[in-house]
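I open this notebook to record what I looked up in the structure shown here. My entries follow the order in which I consulted it.

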Amino acid sequence: MSDSDQPGHRITVTVNRVRYEQVVEDRLTLADFLRERLRLTGTHLGCEHGVCGACTVIVDGAAVRSCLMLAAQADGAAIETVEGLARNGQLNPLQTAFKDNHALQCGFCTSGFLMSVTAALREQPVRDQARAREVLSGNICRCTGYRGLIQAVLDAGSAAVKGPVR
Amino acid sequence: MKPGRFTYHAPTQLDEVLGLLAEHGDEAKVLAGGQSLMPMLNFRLAQIGHLVDINRLGARFSAPVIGPARITIPALVRQRQVEHSAELLAALPLLGQAIREVAHPQVRNRGTICGSLAHADPAAELPAVMSVLDTTFTLASTRGIRTVEVADFFQFHWTTALEPDELLLEVTIRRPPPGTVTVFREFATRRGDFALAGVAVACRADESGAVADCRIAACGVAATPLRLAAAESRVLGSTLDTETLAEVESLARAEVDPAADIHASAHYRRRLTGVLVKRALVEAAGQATGRREASHV
């Protein structure tokens, strides 16, 4: 790729099934690309060093910290963000389980939790509390607490959330 | 925060990677999984001129080679790949045990084995794991390829035998001799946090049940992963009886000189190291007994 700062790197990404082609600066993170360039502000930035999990998105099927990836690295990738979960304005089963179980309060951490849990449930079902805690452990919530989150994951886990995010 | 300015390179050939490292030396950093480097760039703890992303190098660099005598893990093997490979977990159970303690799946999806080793955080699990296995590091540069044994690779906090123009191409681990049991134990205040201390153990008993080989390494208690030589030699020849375990615990405690920080005092870490060594050996003894009984059935 180009050695010069300008004009940057031309990347093509698919985000929630929509194809985007953009020129990005070398140091632009994937999180900032999603938020500031595509205006998909559902992905939140908390700690910006990979600890809090608020910026979690799904890249080529794997949940990752979007603050720890560069936009230039995402060239060719298929990305899923929280904006892709609901269908025709209807919450998906996982989002519904979050709502029903009061798994959020201020909502700042919610998009990251939703994406982490979405990826985890595609890998294997969650049937017990211990596994639910494990699945949630990579994200931090600072206001609601985790009891509602655990119940939401168990509800959604038993409802067999499967397949790609639509 | 956001990273400072750098020039991003995404070469597709190894020659190009090595050429960039030779050209830019200290000014360049290799980007593999980015789970340690990107936080440092975001916080400007590291400011670099050139970022050499090796992720486009191709499939050969992402495929572990599991041979009868050796397992080779090239530069782009993700930590999560190991968790999902039944073959690798069977060949190196210690790696699987330790990787589950490394951060969270979202981090392990990107983070690589070689990246963690090259970063050489003193609290990291994988350097301790490699320290109780026969691990050879293959370092590549435009000057050629050289190998470094694990005992010489880790030199200080975040400092390894790698020169600025070198890439950690792969690590090769000799399969432990048959009958070797391995255990990884650590304690962290929250799931996925860096451990306050961690311990990797590999040992093998002879026919009589006496320990014939024993390696113990601790992480989080020194500038590098630390082999606990006094504890190891006390274990040799024993049957891991109660008296031995008590002595090994205090030897291990005396062998480490950890630093204090906001998370734990030096005293606490020293005590913890002893306790973890003891617990790991008890588990190893249990595994060994289980195997002997299974083989007599």
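This is a predicted model: local features need pLDDT of at least 70, side-chain atom pairs count only at pLDDT 80 or more; totals for chains, interfaces and linings use all residues.

**Entry 1**

**Entry 2. The domains of chain A**

I looked up the domain assignment of chain A, which gives domain 1 (9–84) and domain 2 (93–158). I then took the centres of domain 1 of chain A and domain 2 of chain A over their C-alpha atoms and found that 21 Å separate them. Next I looked up the contact: 13 residues of domain 1 of chain A are in contact with twelve residues of domain 2 of chain A.

Which strands of chain A each supply at least two residues of the side of domain 1 that touches domain 2? I recorded β3 (56–59) and β4 (62–65) of chain A. On this side of domain 1 of chain A, β3(A) gives the most, with three residues. I also sorted the residues on this side of domain 1 of chain A by class, and they comprise eight nonpolar, five polar and no charged residues.

**Entry 3. The domains of chain B**

For chain B, the domain assignment gives domain 1 (7–53), domain 2 (59–174) and domain 3 (182–289). I turned to domain 2 of chain B and domain 3 of chain B, whose centres, taken over C-alpha atoms, are separated by 22 Å. Their contact takes 21 residues from domain 2 of chain B and 22 residues from domain 3 of chain B.

I looked up the elements on the side of domain 2 of chain B that touches domain 3 of chain B, and α5 (93–99), α8 (125–131) and β8 (154–156) of chain B each supply at least two residues. The largest share of this side of domain 2 of chain B, five residues, comes from α8(B). By class, this side of domain 2 of chain B divides into 14 nonpolar, five polar and two charged residues.

**Entry 4. Where the chains meet**

I then looked up the contact between the two chains, and 25 residues of chain B are in contact with 24 residues of chain A. On the side of chain B that touches chain A, the elements giving two or more residues are β1 (7–9), α2 (37–42) and α6 (105–108) of chain B. I sorted the residues on this side of chain B into ten nonpolar, ten polar and five charged.

**Entry 5. Two positive phi angles**

I found that Glu48(A) has a positive phi of about 60°, although it is not a glycine. Its place is in the loop between α1 (30–37) and β3 of chain A. Is Glu48(A) buried or exposed? I recorded Glu48(A) as buried, because 22 other C-beta atoms lie within 10 Å.

Trp158(B), also not a glycine, has a positive phi of about 50°. I located Trp158(B) in the loop between β8 and β9 (159–160) of chain B. I recorded Trp158(B) as partly exposed, because 16 other C-beta atoms lie within 10 Å.

**Entry 6. Helix α11 of chain B**

I looked up helix α11 (residues 242–255) of chain B, which has 14 residues. From its first C-alpha to its last, α11 of chain B reaches 20 Å, close to the 20 Å expected at 1.5 Å a residue.

Which residues of α11(B) are buried? I listed Val248(B), Glu249(B), Leu251(B), Ala252(B), Arg253(B) and Glu255(B). I then looked up what covers these buried residues of α11(B), and the cover includes α10 (229–235) and α12 (266–296) of chain B.

Technical notes. Residues are numbered from 1 along each chain as its sequence is written. Chains are lettered from A and ligands numbered from 1 in the order in which they are written. Domain bounds come from an automatic or database domain assignment. Two residues are in contact if their C-beta atoms, placed from the backbone, lie within 7 Å. Helices (H or I, at least four residues) and strands (E, at least two) are DSSP runs, numbered from the N terminus. Ala, Val, Leu, Ile, Met, Phe, Trp, Tyr, Cys and Pro count as nonpolar, Asp, Glu, Lys and Arg as charged, and the others, Gly among them, as polar. A residue is buried if 20 or more other C-beta atoms lie within 10 Å of its own, exposed if 12 or fewer, and partly exposed in between; C-beta atoms are placed from the backbone. The expected span of a helix is 1.5 Å times one less than its number of residues.
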